[in-house]
Amino acid sequence: GQGAKRPAGHRSLSGALNMLKVENLNQYYGGSHILRGLSFELELGKVTTLLGRNGVGKTTLLKSLMGLVKTKSGAMHLNGRDITHLPPHERVKAGIGYVPQGREIFPRLTVEENLLMGLATLPGSTPIPGRIFEMFPVLKQMMHRRGGDLSGGQQQQLAIGRALAMGPRLLILDEPTEGIQPSIIKDIERAIRMLAETGEMAILLVEQYYDFAESLADQYLLMERGEFIMRGKGESMPRDGVREALAV
């Protein structure tokens, strides 16, 4: 309601609340400079799409955000809190939900058990949020099926549901459309749009599939050799020639 205290974030230029602020992030691998001075902000209620061909540094950037690789230099703030050197489980506790490429659900656990794993950082009696089943009704029907028995698209819905279970402030999706049938891509697109519209989380979407990325992007970042070579508003992607830049 109106009386609720606003979360302590930093306002961005557009006046929206920054959930994540990354400043001058550098990463090296062996002798190579993989990420080169990246700075960007992710806003609450907005979808930021990260585009780029394979091998340009997108995965390294996600691993840096999750704390899976240690930050060499630069700073990251989540909701105003310095998370630059926090280990991965502390970042999850701080409010980062991550849906890795290839889904990585627990195949031997049931759908329900997979979703409960997403609640691991919360008190024991926390129920699975009902909105996960509103978004992905198939999960409700398959609560007692093993994760491994689901189709690829259903596993992707389960992976997103698991990340949502803990109520993240930042949701990171790594190529959620990869290898998934078109009907389920539509469901996932609808779900992402719905989550952004609640205004309670920032969403970072890493995507190869241009049309999906463009349809969801409030802002975009185009990466090439560890740097952002283009960035802007989602609606200006066609005008900016992002599709063509990706195809080069």
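This is a predicted model: local features need pLDDT of at least 70, side-chain atom pairs count only at pLDDT 80 or more; totals for chains, interfaces and linings use all residues.

Colleague: What is the volume of the largest cavity?
Modeller: Rolling a probe the size of a water molecule over the atoms shows where empty space is left. A search of the whole structure finds 1 cavity of 30 Å³ or more. The volume of the largest cavity is about 40 Å³.

Colleague: Which element gives the largest share of the lining of the largest cavity?
Modeller: The lining consists of G52, R53, V56, L222, M223, E224, I229, A245 and L246. Two elements give two or more residues to it, β10 (219-224) and α10 (242-247). By class, the lining of the largest cavity divides into 6 nonpolar, 1 polar and 2 charged residues. The largest share, 3 residues, comes from β10.

Colleague: Which residues lie nearest the centre of the second largest pocket?
Modeller: The second largest pocket holds about 340 Å³ of space. At least two lining residues come from each of β7 (96-99) and α6 (152-165). The lining has 11 nonpolar, 3 polar and 2 charged residues. Of the 16 lining residues, those nearest the centre are V92, Y98, G118, R162 and A163.

Colleague: With which residues is V111 in contact, leaving aside neighbours within four places in sequence?
Modeller: V111 is among the members of the largest nonpolar core that touch the most others. With neighbours within four places in sequence set aside, the contacts of V111 are L139, M142, M143, R145, G147, L150 and L158.

Colleague: Which residues of helix α1 are buried?
Modeller: An α-helix has 3.6 residues a turn, so residues three or four places apart point the same way. Helix α1 covers residues 58-66, and G67, with a positive phi near 80°, follows α1. Buried here means under 20% relative accessible area. The buried residues of α1 are K58, L61, L62, S64, L65 and M66.

Conventions:
Residues are numbered from 1 along each chain as its sequence is written. Side-chain values use heavy atoms; hydrogens and water are left out. On a 1 Å grid over the protein atoms alone, a cavity is a set of points where a 1.4 Å probe fits but cannot get out, and a pocket is an open set with protein on both sides within 12 Å along at least five of seven lines; lining residues have an atom within 4 Å of a point. Grid points are joined across faces, edges and corners, and a volume is the space filled by probe spheres set on the points. Helices (H or I, at least four residues) and strands (E, at least two) are DSSP runs, numbered from the N terminus. Ala, Val, Leu, Ile, Met, Phe, Trp, Tyr, Cys and Pro count as nonpolar, Asp, Glu, Lys and Arg as charged, and the others, Gly among them, as polar. A nonpolar core is a set of buried Ala, Val, Leu, Ile, Met, Phe, Trp, Tyr and Cys residues joined through side-chain atoms within 4.5 Å. Buried means under 20% relative accessible area, exposed over 50%, partly exposed in between (1.4 Å probe, protein chains only). Contact means heavy atoms within 4.5 Å.
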